[in-house]
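Please keep the structure open while you go through them.

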Amino acid sequence: MNTFTYKYPVTVYFGEKAAEKNLQSELAKVGNTVMLAYGGGSVKKNGIYDELVSILKIVGKTIVEFTGIMSNPTYNKVQEGAKLARENNVDFILAVGGGSVIDCCKIVSAQAKLDEDIWELEYTNHGVPTQFIPMGAVVTAFGTGAEMNNGAVITNEDKMMKSPLWGAFYNFAILDPEYTMTMPMKQVISGSFDTLIHCMETYFGTPRENNLSDDINFSVMRSVIKNMCATLKDPTDKYARSELIWAAAMAENGILKLGKVTDFQCHMLEHQLGAYTDCNHGQGLAVIHPVLYRHIYKEAPEQFARMAVEVWGISPDGKTTDDLALAGINALAEFIKEVGLPTTFAQMNISTDTNFKAIAESTIRTGGCCKKITTDELYEILMECC
Ligand code: NZQ
Ligand code: ZN
């Protein structure tokens with residue numbers, strides 16, 4: 001493995017009644033004015049909003065509401081939140097939702113303390129923010145693991161870019177499986193698939209030889225696959241769901257990435273697809289991944305073959321390394337069908353008129369899994385997904 005330093009700043013409260021048990025003591029550590037941030041209203045329907053507001057009132061906080069954070073949060077929404085935070089001298093942000101709310105608040109927390117435009121700071125001046133409004137996350141939709149890292153994916157509509165921005169880590173994250181029981185099944189599956197792909201894009205980095213981070217990663221992938229099937233079979237299975245919540249966090253808390261350079265090329269491509277189509281993140285990944293892997297597996301067949309055996313349980317007997325590698329990709333494609341995820345852009349209602357050329361050209365190209373992929377190849381991959 002490569003050399004690394006590991007330090008982890010987020011306190012995780014996992015399990016039943018995690019908010020009721022821990023939120024008061026966490027809120028006692030922060031200032032009086034709390035921004036309560038959430039999405040389009042699911043928290044009001046399922047009672048989470050009332051529960052959290054009553055805890056905020058018990059500890060005597062002044063509440064400033066920041067609402068309507070959309071899926072694939074926009075840069076304009078970030079600016080709206082930052083303005084609200086500044087105008088109300090917000091001391092603390094409580095983000096309640098899935099990856100979209102949690103990401104949006106990471107950048108609100110930084111932008112509220114900055115005079116400079118944060119996009120300019122990070123992309124033009126290559127700086128990073130250094131001051132933040134502290135935050136806590138209450139996870140109501142799992143999968144992204146956004147509560148565990150300090151990166152946020154924000155759609156800049158003017159620039160037609162859905163790109164990572166760096167913000168702060170959360171002080172704490174509350175992961176109560178009960179809070180996620182009302183998630184639509186479509187979101188449970190697309191979110192969990194996102195977790196699986198975070199594992200894969202981490203695995204398909206370097207170094208390529210067997211290492212402990214990858215061995216832990218295989219366990220997380222097997223667990224996600226097993227518990228996605230269990231949840232589909234019985235949506236009320238809280239145990240399976242709690243495993244999925246923790247798997248999502250494990251994929252993004254840095255453990256699987258220790259000593260590795262990760263890939264995340266597919267994510268970069270899917271994010272740009274999102275900039276142009278506002279599509280669901282996990283679904284976009286489901287369509288692109290098998291296609292992208294078929295394009296590149298011959299560059300690192302041993303690594304693909306190892307995943308076929310360790311994750312999909314495929315016997316290596318009588319197979320060449322290339323056969324085995326391809327069998328693993330086919331198993332991934334089969335699984336995508338089995339869990340009801342889309343396999344083409346058409347199934348996601350993404351029009352063939354979409355400007356795929358512009359998407360390919362604006363995609364951030366990573367060091368790449370196996371090889372640095374060209375813009376032309378990204379375009380070919382997108383066309384094969386239609
Ligand atoms: O807005 P509301 O009404 O709350 O509804 C949401 C939303 O429609 C709903 N929902 C959430 N909790 C619910 C619930 N509905 C019923 N009951 C509940 N308990 O779920 C819908 C989707 O929520 P969203 O937050 O958009 O989904 P997700 O968690 O998949 O987040 C997606 C965003 O995260 C980014 C994606 O690109 C996308 O923008 N990502 C962030 C990452 C990170 N920071 O590490 C990594 C990922 O790779 C990803 O890129
Ligand atoms: Zn993702």
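**Notes on the fold, the domains and the ligand site**

1. Let me start with a helix on the sheet: α5 lies across β2, β4 (92-97) and β5 (135-139), and its direction makes an angle of about 160° with β4. Helices (H or I, at least four residues) and strands (E, at least two) are DSSP runs numbered from the N terminus. Axes are lines fitted to C-alpha atoms, for helices over the stretch in contact, with angles from 0 to 180 degrees between N-to-C directions. Contact means C-beta atoms, placed from the backbone, within 7 Å.

2. A word on what you are looking at: this is a predicted model, in which local features need pLDDT of at least 70 and side-chain atom pairs count only at pLDDT 80 or more, while totals for chains, interfaces and linings use all residues. Residues are numbered from 1 along each chain as its sequence is written, and chains are lettered from A and ligands numbered from 1 in the order in which they are written.

3. Now the sheet. It is open, with 6 strands in the order β1-β8-β5-β4-β2-β3 and parallel pairing; strands pair if DSSP finds at least two bridges between them. Because β1 and β3 (62-66) are at the edges with a single partner strand each, one side of each has no neighbour in the sheet. From one strand to the next, the twist averages 20°. Between β2 (residues 33-38) and β3 there are 5 bridges in the parallel sense, and Leu36 has Glu65 of β3 as its bridge partner.

4. The protein splits into domain 1 (11-180) and domain 2 (185-384), with bounds from an automatic or database domain assignment. Their contact takes 20 residues from domain 1 and 25 residues from domain 2. On the domain 1 side, β1 (11-14), β6 and β7 (161-166) each give two or more residues, and β7 has the largest share, 3 residues.

5. Where does ligand 1 lie? Both domains give residues to its shell, so ligand 1 lies between them. The shell has 35 residues, the closest being Gly39, Gly40, Ser71, Gly98 and Gly99; a residue is near if its C-beta atom, placed from the backbone, lies within 6 Å.

6. Which element gives the most to that shell? It is α5, the helix from the opening point, with 4 residues. By class, the shell has 9 nonpolar, 23 polar and 3 charged residues. Here Ala, Val, Leu, Ile, Met, Phe, Trp, Tyr, Cys and Pro count as nonpolar, Asp, Glu, Lys and Arg as charged, and the others, Gly among them, as polar.

Technical notes. Contact = placed C-beta atoms within 7 Å.
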